[in-house]
Amino acid sequence: MTMEILEEARRTPVLGEYEVVVLGGGPAGIAAAAAAGRAGRRTVLVERYGFLGGAGTAAGLANFCGLHAKVHGEHRQVVRGIADEVLSRLKALNGLAAPHMLFGGKIQAQAYDISAYKIAADELLASSNVKLLFHALAVGATADALLIETKSGRRALRGRIFIDCSGDGDLAAWRGAPYEVGDGKGNMLYPSTMYRIGGVDPQKAGNAWERIAQLMEEAEAKGRRFPRKKPIVRPQPNPVEWRANLTQIRNPDGSAVSGIDARQLAWGEREGRRQVWDTFQFIRETAPGFERAYIADIAPQIGIRETRRVKGEYMLTEDDVLDCADFRDAIGVNGWPVEDHVAGSVEFRFQRNDRGYNQLPYRMIVPAGVDNLLVAGRCASMTHGGQSAARVSGPCFVMGQAAGTAAHLALKTRSRLSTLDVAMLQAQLKNQGAWLG
Ligand SMILES: Cc1cc2nc3c(=O)[nH]c(=O)nc-3n(C[C@H](O)[C@H](O)[C@H](O)COP(=O)(O)OP(=O)(O)OC[C@H]3O[C@@H](n4cnc5c(N)ncnc54)[C@H](O)[C@@H]3O)c2cc1C
């Protein structure tokens, strides 16, 4: 029997009226709000935490994937536009490392300092004329308003176009957009709790990322158990600090902890910290250069890779990624391979085509059946396999910038988002420095 209580109907004060309301301050939300704000649209960004960056800060990623691709044998930055500005602001704050090689030279990623990212994102949005509403948890929606809970109480934000960059597709789900969860067999990509290790001796540690993986394998052969294989432990811009991405957060029945299940999230946070402590002890005890190391930070929240994927006019598939697909309505590109977090391990599947990147179609950010809404970032319209690649920061910046620009153009030309003149959108994105492939 379901227990329910009946809440009284209430009147909700309107906190503000905007042309574009963006939910979520991750890479997708940052780029969406910046693009809309710069186009002169009255824009607000709603974020439940007190800082921007999304999983990049709140889940402690500290590293950009998907900005680069190996194009016919040559490593290149392929995501351009607002992402360039994030990088240059990080560089000016001394918070960006040079791109580093992964998987034996197959692809590059780029580490950043988390505090610098929070500041760079604040400044980027302030200079783009975006109103930031921190500490505001979105809890519902009507066709023309987003409902939020704040320390001042429940409020509404009126808008003309909404962009769901919540990662979980919260807003799209409230508006009745269709969505999928997981791999169709009852599981999702497994989450991880990230942490950063301080006090490393960089000279002594050297290429410790190789050594640590080896040490873990050797220990496993002797019966020690770790949450997952293929640990990623790499230096940050200041090499006394390293990030550790090696936990895997499972429910007691072995399934992936769900980022849209309150009880599972509560369990996952504790289980994540337990795994952090256990794996850190191992690294400190065994890895050269880590003898005096300490945990500098356990990420504020468990890192969720996949929840709702909102179904749009087109769903990006794993084959699109592996075959480097092109689309006539391209808004930018993704160079990241498929990174499938399965029970106990991570499986990487690389592009079958030497070009090394796929285009991303505008149709993947247009949800089916809801008029004044776009969905950008890891909850956009992708299959489980497609999302396993195009959920990382690079393509999220691409989708966000296109969504903010499309919102502006739809308002300007009084068009519906689903029938927007894509050639006009593409021209505008190119003018902003984006690269469409
Ligand atoms: C453990 C882990 C490691 C990863 N490693 C990397 C990596 O090294 N490099 C990389 O590029 N990518 C990595 N990723 C992928 C990463 O999730 C994506 O790159 C990216 O952060 C997704 O961007 P987004 O903008 O779609 O959503 P998110 O970054 O998840 O941002 C969503 C934002 O919306 C806010 N929000 C959500 N719901 C609400 C609500 N109801 N009300 C108010 N605010 C809300 C959240 O607080 C958050 O700030 C990793 C992911 C995980 C989980």
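Helices (H or I, at least four residues) and strands (E, at least two) are DSSP runs, numbered from the N terminus. This is a predicted model, in which local features need pLDDT of at least 70, side-chain atom pairs count only at pLDDT 80 or more, and totals for chains, interfaces and linings use all residues. Residues are numbered from 1 along each chain as its sequence is written, and side-chain values use heavy atoms, with hydrogens and water left out.

Asp371 lies in the loop between strand E23 (358–361) and strand E24 (373–375). Leaving aside residues up to four places away in sequence, Asp371 touches Arg416 and Leu417; contact means heavy atoms within 4.5 Å. The C-alpha atoms of Asp371 and Arg175 are separated by 9.8 Å, with the two residues 196 apart along the chain.

Tyr179 is found in strand E14 (residues 179–181). Two residues are compared by accessibility below; buried means under 20% relative accessible area, exposed over 50%, and partly exposed in between (1.4 Å probe, protein chains only).

| Residue | Relative accessibility | Class |
|---|---|---|
| Tyr179 | 39% | partly exposed |
| Asp371 | 47% | partly exposed |

An open sheet is formed by 4 strands in the order E16-E17-E15-E18, with antiparallel pairing; two strands pair if DSSP finds at least two bridges between them. Strand E16 (232–235) and strand E18 (294–298) stand at the edges with a single partner strand each, so one side of each has no neighbour in the sheet. E16 pairs with strand E17 (residues 242–245) in the antiparallel sense over 4 bridges. Ile232 has Asn245 in E17 as its bridge partner.
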